[in-house]
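I opened my notebook to look up a few things in one structure. The entries follow in the order I made them.

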Amino acid sequence: MRKLISFLKLFLPLLLGFSLLFYEFKNIQLDDFLFKLDQTRYGWIIGSIILSLLAYVARAYRWQLLLKAADQKVSTFRLTLAVYVGYLANLFFPRLGELIRCVVLKKINQIPMSISIGTVVSERIIDSLFLLFFLTIALFSEFDLIFTYFNNIFNTFHIPLNSILYATLTFLVTITVVVLLIIRSQTPLSVRIKKIFLEVLKGILTITSIQSKYLFLIATLVMWLTYFFMSYMMFFILEETSSLSLIAGFMLLVSGGIALTLPVQGGIGTYHAMITMMLGLYGIENTTGLFLATLLHSSQVLSIIIFGGASLVITLRIKRNNSNDLK
């Protein structure tokens with residue numbers, strides 16, 4: 001049963017992702033894509049990949065501030081390695097990367113996983129709040145487009161809004177009941193769960209005890225600004241999209257952020273569908289929109305494979321050296 005559940009966790013997101021890819025590409029002519037490849041300005045893609053380094057370093061530095069607040073010292077370099085390995089894992093196992101980077105940190109720096117997981121949860125909460133803030137800004141600045149965008153998503157995939165609301169409510173009620181049962185229970189398992197929860201909570205609350213809150217805010221802003229320019233630069237790879245505005249770039253950031261939060265390996269399919277649909281709202285025809293979405297996604301994946309693969313090799317080397325030091 002465990003093997004079946006593990007298989008389904010891996011297979012079902014992939015099935016969803018590739019189903020979306022098939023849906024998006026079924027009416028696309030290969031010759032059209034090949035023609036656009038000839039027209040592509042590859043310097044912008046290379047620039048976007050190089051710029052991505054800054055975003056990951058900023059994320060690692062921000063993580064360092066959280067860990068420091070929890071009395072854990074580790075270099076930004078090692079944290080950058082862990083972040084990259086985590087993103088590499090996300091290409092194969094959705095959402096597992098957050099756990100994997102904590103495992104890496106445990107291996108190379110002996111940081112307790114309960115604390116590092118708590119700091120990662122803090123990170124995700126903050127990023128979710130920023131994404132919600134950006135979505136709110138987009139909603140006010142481009143209300144008609146946003147409404148059309150989500151209406152198209154629901155209509156395209158035949159998702160009744162009532163079903164989403166009922167599913168969300170059921171999930172919240174179930175989680176609440178489970179939490180209450182664990183709190184009231186005194187079994188060894190529940191005691192262990194509560195202990196782990198308190199340690200994770202300690203990591204989450206490190207955000208309140210960060211000494212350099214301004215540096216944390218600056219690192220967060222640098223990270224999101226880098227994400228924005230990484231995406232906006234890609235508009236210039238094609239003549240058809242080079243005239244799109246900064247607002248369109250902002251919408252690209254928000255749409256991509258939402259797509260990548262969905263539990264699908266590396267945003268396969270979901271990213272392509274949402275970005276193509278968003279670009280369509282700005283008058284970009286479907287083939288061009290899908291081509292740009294494919295290049296955006298592919299460049300990000302390529303960046304993670306290159307730098308994440310190198311980071312994995314380095315972390316294995318660090319682990320081996322640590323093992324030799326203990327002998």
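I took helices as DSSP runs of H or I with at least four residues, numbered from the N terminus. By that rule, tyrosine 42 is in helix α3 (residues 42-69).

The model is predicted, so I noted the limits: local features need pLDDT of at least 70, side-chain atom pairs count only at pLDDT 80 or more, and totals for chains, interfaces and linings use all residues. Residues are numbered from 1 along each chain as its sequence is written, and side-chain values use heavy atoms, with hydrogens and water left out.

I looked up how open tyrosine 42 is. Its relative accessible area is 42%, so it is partly exposed (buried is under 20%, exposed over 50%, partly exposed in between, with a 1.4 Å probe and protein chains only).

Next I turned to helix α5. I listed its buried residues: Gly97, Glu98, Arg101, Cys102, Val104, Leu105 and Ile108. Down the axis of α5 they fall within an arc of 155 degrees, so they line one face of the helix (the arc is that of the directions from the axis to the C-beta atoms). Just after α5, I found glutamine 110 with a positive phi of about 55 degrees.

Last came the aromatic pairs (rings of Phe, Tyr and Trp, the last by its six-membered ring, with centres within 6.5 Å; planes under 30 degrees apart are stacked, over 60 edge-to-face, the rest tilted). I noted 14 of them in the structure. Tyrosine 56 and tyrosine 84 form a tilted one, 4.4 Å centre to centre with 35 degrees between the planes. Both tyrosine 56 and tyrosine 84 are buried.

Conventions. Helix = DSSP H or I, 4+ residues; strand = E, 2+ residues; numbered from the N terminus.
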